[in-house]
Amino acid sequence: MANGRLAPGAKLPAVRDLAVALEVSPATVAAAYRALKQRGFVVGERGQGTSIAPLPPMRVQRAAELPAGVRDLSSGNPDPRLLPPLAKVLARIDPAPRLYGVAAKLPALTAHAEADFSADGVRGDIAVTGGALDAIERALQTELKLGDRVVVEDPSWPRIADLVHALGLVAEPVPVDGRGLDPDALDRALRRGARAVIATPRGQNPSGAAVDPARGRALRAVLASHPDVLAIEDDYVARVAGAPYVPVHRADGRWAVVRSLSKVLGPDLRIAVVAGDPLTIARVEGRQRLGPGWVSHVLQQVAALMLGDQATVKLLARAERVYADRRRALVSALAAVGVPAAGDSGLGVWVALADEAAAVRELLVQGWAVSPGERYRFHSAPGIRITTAALEPDDSRRLADAIAALGRAPASTYAG
């Protein structure tokens, strides 16, 4: 495994066959397989044999430095001009030291989270984590075992699949259209044994899809038939999504709604608030105590002070409008040159192109850095993801002309 001769997913010989080949007892081989499984190197299910666990090498990859003069529309960042200023908030932080034994959650931040969730009809226990992926990882770790299957969107944010694989779980891709996960495909995946679902209720990355009331009802009906499945909603753009929140989870099931503050208050504020059923939240917080213990109260204070400031409330309402205008500007500009695109919510637009790799290369030459769809896709059609958060209308028209000049016929409006 370490030298790469056995790739993730590779089947290992049956216990008796390997025992004969090595001239040892079957009990010795079975014990070795058990030890490997306990350490996470292999996975196995009754009747399906043993295989190498789907754990990718966890190496840090540096982001490629863009050439001078290239506009970065690939990072997914919010517009810095639409983020609340930090200076005044930092001056108001309580400098008193927080020692071991301190309560994990700052009451002021918990109160803001409860009010925010309650406004959308979400009522549950609250946790505070070090970002959205931190919350999702802890929820999966405490609920699933190695080799379990997790429904992910197709296409979806690459870090979700990376996390699933890194935990020794198996990604079960389910198609997404303009209204979210396909209910029938979701039902089939759950009937095949998937034990958790990670869904984006709005601002789906990369398609911009948003779950509408009818689709929400259909998805909740599917989950009702699988009451033991953990439903995780990654509502990462919440207040600036440009679409109303529609729940995917059932209030009487196992669930967690994760709202990162990165796109809302700033990526460097590594905080997410999580609402969920009591058991899920208790497990998330229990796992957190075995790691960092709690999220820094300095950061929690910054978040609480920002969220409680009326200037922030007004700025976020403006940001939501501006982001919507910028998405629409690019979609309209592309439509004017005969290129369909999708961007109903969120911070970006998806453009389905038959040769995404060539499109990315040519656009880079012309001064535009966009994301290739290959990073997001499992089985869905190719395309490119364009971050529109800071893209002004005049730039949208120039970019649309550059995309139209590629001469690539779009495969479909949505990637699913």
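Reply: The side chains of E172 and R192 are joined by a polar contact of 2.5 Å. A polar contact is a pair of N or O atoms within 3.5 Å; within protein, one must be able to donate a hydrogen and the other to accept it, and residues adjacent in sequence count only if both atoms are side-chain atoms. This is a predicted model, in which local features need pLDDT of at least 70 and side-chain atom pairs count only at pLDDT 80 or more, while totals for chains, interfaces and linings use all residues. Residues are numbered from 1 along each chain as its sequence is written, and side-chain values use heavy atoms, with hydrogens and water left out.

E172 sits in strand β6 (residues 170–177). Strands (E, at least two residues) and helices (H or I, at least four) are DSSP runs, numbered from the N terminus. E172 has 7% relative accessibility, so it counts as buried. Buried means under 20% relative accessible area, exposed means over 50%, and partly exposed is in between, with a 1.4 Å probe and protein chains only. Setting aside neighbours within four places in sequence, E172 is in contact with R149, V150, V151, V152, A189 and R192. Contact here means heavy atoms within 4.5 Å.

R254 is in strand β10 (residues 254–260). Its relative accessible area is 15%, so R254 is buried. Two polar contacts tie down its side chain's surroundings in the list: one of 2.9 Å to the side chain of E143, and one of 2.9 Å to the side chain of T280. R254 and T280 are 26 residues apart along the chain, and their C-alpha atoms are separated by 6.9 Å. Beyond its neighbours within four places in sequence, R254 touches E143, P227, V229, L230, A231, D277, L279, T280 and R283.

Next, a loop. S207 lies between β8 (196–199) and α8 (213–224). S207 is at 2% relative accessibility and therefore counts as buried. Its side chain makes a polar contact of 2.6 Å with the side chain of Q204. A polar atom of the S207 side chain also lies 3.2 Å from the backbone nitrogen of A209. P206 is in the loop between β8 and α8 too. The peptide bond joining N205 and P206 is cis, with omega about 20°.

Another cis bond runs from D154 to P155, with omega near 5°. P155 belongs to the loop between β5 (149–154) and α6 (158–166). Then there is E23, a residue other than glycine with a positive phi, near 60°. E23 lies in the loop between α1 (15–22) and α2 (26–38). At 74% relative accessibility, E23 counts as exposed. Most residues other than glycine have a negative phi, and most peptide bonds are trans.

Now the helices. Nine of the eleven residues of α11 are buried, so the rest of the structure largely encloses this helix. The buried residues include H297, Q300, V302 and L307. They pack against α3 (87–91), α4, β4 (125–129), α9 (262–265) and α12. At the start of α11, a side-chain oxygen of S296 comes within 3.1 Å of the backbone nitrogen of V298.

Take α4 as one of those partners. Helix α4 (residues 107–119) and helix α11 (residues 297–307) pack at about 45°, with axes 8 Å apart. Axes are lines fitted to C-alpha atoms, for helices over the stretch in contact, and angles run from 0 to 180 degrees between N-to-C directions. The two helices are therefore oblique to each other. Angles under 35 degrees count as roughly parallel, over 145 as roughly antiparallel, 65 to 115 as roughly perpendicular and the rest as oblique. The crossing of α4 with α11 is left-handed. That word applies if the near helix is turned anticlockwise from the far one by less than a right angle; clockwise is right-handed. From α4, A108, L109 and H112 meet Q300, A303, A304 and L307 of α11. The residues of this contact are five nonpolar, two polar and no charged. Ala, Val, Leu, Ile, Met, Phe, Trp, Tyr, Cys and Pro count as nonpolar; Asp, Glu, Lys and Arg as charged; the others, Gly among them, as polar.

Last, helix α12 (residues 310–336) packs with helix α14 (residues 393–404) at about 35°, their axes 8 Å apart. This crossing is right-handed.
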